[in-house]
Protein chains: 2
Amino acid sequence: MATEKKLDCVILGLLSHEELTGYEIKKRMDTTLKYFWGASYGSIYPTLSGLVERGLATKRGDADNKRNKLIYTITNEGRDYLQQWLKAPAEKDELRYETLLKLFFGKEEGARQAIAHIDAFQEKIEKEMPYLLGAAETLRNCIAEDDTHKYYLLTVEFGLKTYRAYLEWCKEAKNMLAEDLQESRKGRNETC
Amino acid sequence: MATEKKLDCVILGLLSHEELTGYEIKKRMDTTLKYFWGASYGSIYPTLSGLVERGLATKRGDADNKRNKLIYTITNEGRDYLQQWLKAPAEKDELRYETLLKLFFGKEEGARQAIAHIDAFQEKIEKEMPYLLGAAETLRNCIAEDDTHKYYLLTVEFGLKTYRAYLEWCKEAKNMLAEDLQESRKGRNETC
DNA sequence: ATGAAATATATCATACTGATATATTATGAA
DNA sequence: TTCATAATATATCAGTATGATATATTTCAT
């Protein structure tokens, strides 16, 4: 089989758990999935249309169509397609960290600026941590109810592990750069 | 300023260290930068043309143009542009982990399949580790020579920290799923 | 009653990927 | 020496994604 479009599979995955509108799918992307995947409206809506065209999902209007909602449901063909993808080995695991990029070219801007980038990064991570911790706690409590929760928890644990590693790195990296600042201060005989 | 195209900045960053051809830029992407950024020929060559058009880089043929090389050099305007971007806070820090995605929807396929995905992920990481360790070692030894090395080292340390976290997670995640398998075996009264 | 926030879909210019095409040069084995 | 293979080098394109914007309705707090 030709390589599937990833977003087809992600959306089918979400639909395999529950019926959703495009808007709700976007919300899932921005909350639950955002730690390891993302998508914009500009790709979600066309992808949904494509899924319906190919018979992998169906679309219907809301009963009391107040909001002009379009609700999407996965079909049996859609489930088969999803299964195929889930069985195949993962192809792409990559990160795009602009912070690291700026750090890599950091000599141009100097230690002080580099530290500022790391601080901003650290702040972002620290702000996310409570959500991840909360999610992990919730999931651990309802893990017996439904097997899905166990798999959710696995991904949250991944997030926690890596976030803790990020924070450790932030600390060490800043220490290293701080030494640097002191050196240069001494070198140039500056005070404060 | 409107948001800059990231690849403009990445390429200018590379050119700020040395003159390069498009092919060499691609190699840098696939080796040094691949742990936190990526780009394909289909974006590198058009981006280089754009940089020349806008006066941020210049292009010249090789002296003995055996290979029909096109060598790109950063201009002063290019350096200014790069500085602007380096000073601005990072916008996008995201990862796209298909492994995590498949795991998130893992209930559909069951524990055995999930473990297989984690194994593949782990293998990939373990294979990369020696390169990162080697790079860190090399960089630590020549850190005094040139300040650039210190910033390279910072990004390698980031890679090492996160990769170690990944490996820890792999172990724990597989343990959790293995318990699962045992349970289901007991439940269904299977042997072996 | 009213303004702000949330819900909901759609579109578009710009950008990126992954594949493919094309051609040359270096390398190592037969 | 010759010949296949790997490496070097640029370019293009269909398919896909992003981020911004447009539009309209509904819910909610004041």
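**Exercise 1. How much area do chain A and chain B bury between them, and what share of it is on carbon and sulfur atoms?**

Start with the term: buried area is the accessible area (1.4 Å probe) that two parts lose on being put together, summed over both. Chain A and chain B bury about 7,100 Å² between them, and carbon and sulfur atoms account for 66% of that. Next, look at the chain A side: Arg96(A), Phe104(A) and Tyr151(A) lose the most area to chain B, together 12% of what that side buries.

A word on the model before going on: it is predicted, so local features need pLDDT of at least 70 and side-chain atom pairs pLDDT 80 or more, while totals for chains, interfaces and linings use all residues. Residues are numbered from 1 along each chain as its sequence is written, chains are lettered from A and ligands numbered from 1 in the order in which they are written, and side-chain values use heavy atoms, leaving out hydrogens and water.

**Exercise 2. How many residues of each chain are in contact, and how many salt bridges cross the interface of chain A and chain B?**

Count contacts first, taking heavy atoms within 4.5 Å as the rule: 70 residues of chain A touch 70 residues of chain B. Then apply the salt-bridge rule (a side-chain nitrogen of Lys or Arg within 4 Å of a carboxyl oxygen of Asp or Glu), which finds 8 across this interface. For a worked pair, take the side chains of Glu98(A) and Lys6(B), which form a salt bridge at 3.9 Å, N to O.

**Exercise 3. At what angle do the axes of H1(B) and H3(B) cross?**

Helices are DSSP runs (H or I, at least four residues), numbered from the N terminus. Axes are lines fitted to C-alpha atoms over the stretch in contact, with angles from 0 to 180 degrees between N-to-C directions. The axes of H1(B) (residues 6-17) and H3(B) (residues 41-53) come within 10 Å and cross at roughly 80 degrees. Angles under 35 degrees count as roughly parallel, over 145 as roughly antiparallel, 65 to 115 as roughly perpendicular and the rest as oblique. H1(B) and H3(B) are therefore roughly perpendicular.

**Exercise 4. Which residues of H1(A) and H4(A) make their contact?**

Now list the residues: H1(A) brings Lys6(A), Asp8(A), Cys9(A), Leu12(A), Gly13(A) and Ser16(A), and H4(A) brings Gly78(A), Arg79(A), Tyr81(A), Leu82(A) and Trp85(A).

Note on methods:
Helices (H or I, at least four residues) and strands (E, at least two) are DSSP runs, numbered from the N terminus.
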